[in-house]
Amino acid sequence: MNRFRWVVLSVGAFGLTLLFIQHWVHALGLVPYLVLLACPLMHLFHRHHGAHRSMARASGSKEKTP
């Protein structure tokens with residue numbers, strides 16, 4: 001069973017390598033779209049830790065933010 005696993009992994013890695021080498025132009029064509037998709041996703045999932053509290057202190061506001 002261990003030998004079978006190595007054969008399957010080797011053939012799969014070889015196949016993915018050939019696929020990537022032969023179709024890298026298509027993959028590079030998607031890069032601009034991935035960058036454009038990354039921008040809104042970054043804004044959705046990136047948190048500004050403590051930014052609201054520091055802004056409130058800078059403006060002199062005594063309101064507490066959650």
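Buried residues are those with under 20% relative accessible area, exposed residues those over 50%, and partly exposed residues those in between (1.4 Å probe, protein chains only). By this criterion, buried residues account for 2% of the 66 residues in the protein chain. The model is predicted, with local features requiring pLDDT of at least 70 and side-chain atom pairs counted only at pLDDT 80 or more, while totals for chains, interfaces and linings use all residues. Residues are numbered from 1 along each chain as its sequence is written, and side-chain values use heavy atoms, without hydrogens and water.

The protein chain contains four helices and zero strands, in the order α-α-α-α along the sequence; helices (H or I, at least four residues) and strands (E, at least two) are DSSP runs numbered from the N terminus. Mean pLDDT, the predictor's confidence in each residue from 0 to 100, is 79 for the protein chain, and 70% of its residues reach 70 or more. Confidence is highest in H1, at a mean of 92, and lowest in helix H4 (residues 51-59), at 57. Where pLDDT is low, the predicted coordinates should not be read in detail.

Leu41 is located in helix H3 (residues 31-45) and counts as partly exposed because its relative accessibility is 37%.
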